Amino acid sequence: QVQLVESGGGLVQAGASLRVSCAASGRTISRYHMGWFRQVPGKEREFVADISRSGGTSHYADSVKGRFTISRDNAKNTLYLQMNDLKPEDTAVYSCAASSGCQGFLGTCKTPGPYEYWGRGTQVTVSS
């Protein structure tokens with residue numbers, strides 16, 4: 001099994017940038033389709049972005065498109081999410097996830113279901 005640990009969250013002002021990381025151990029992430037999700041208490045977990053095993057294809061939620069960038073470094077066994085022009089509505093716990101069965105061309109990678117491995121998350125708070 002693969003273990004995932006997020007880091008890099010914090011408190012920033014609107015308009016600032018932040019990069020969160022997801023370090024994996026136990027298994028190489030090259031065998032997994034990876035994704036970022038976020039959640040606010042009382043609301044459903046929300047898809048943010050996902051990336052293919054090779055890093056060649058990625059997708060974004062409409063709410064973050066143009067501001068966030070997902071990337072991966074398989075040699076370092078690490079997944080990243082660069083967040084620019086942060087807004088108060090971006091405030092949430094950000095979690096990374098890994099899927100062994102997800103196939104991007106089937107359109108099954110934008111919901112939590114296909115991801116079987118999850119980190120515990122890192123808090124991102126954006127003040128106005």
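**Exercise 1.** In which loop does Asp85 lie, and is Asp85 buried, exposed or partly exposed?

*Solution.* This is a predicted model in which local features need pLDDT of at least 70 and side-chain atom pairs count only at pLDDT 80 or more, while totals for chains, interfaces and linings use all residues. Residues are numbered from 1 along each chain as its sequence is written, and side-chain values use heavy atoms, with hydrogens and water left out.

Begin with the location: Asp85 lies in the loop between strand 8 and strand 9 (92–99), where strands are DSSP runs of E with at least two residues, numbered from the N terminus. Next, take the accessibility: Asp85 has a relative accessibility of 38% and counts as partly exposed, since buried means under 20% relative accessible area, exposed over 50%, and partly exposed in between (1.4 Å probe, protein chains only). Finally, the phi of Asp85 is near 50 degrees, a positive value in a residue other than glycine.

**Exercise 2.** Where is the place of Asn77, and is Asn77 buried or exposed?

*Solution.* Asn77 is found in the loop between strand 7 (68–73) and strand 8 (78–83). With a relative accessible area of 14%, Asn77 is buried, and its phi, near 55 degrees, is positive although the residue is not glycine.

**Exercise 3.** In what order do the four strands form an open sheet?

*Solution.* The order is 1-3-8-7, with antiparallel pairing, where two strands pair if DSSP finds at least two bridges between them. The edge strands, each pairing on one side only, are strand 1 (3–7) and strand 7. Strand 1 pairs with strand 3 (residues 18–25) over five bridges, and Leu4 has Ala24 in strand 3 as its bridge partner.
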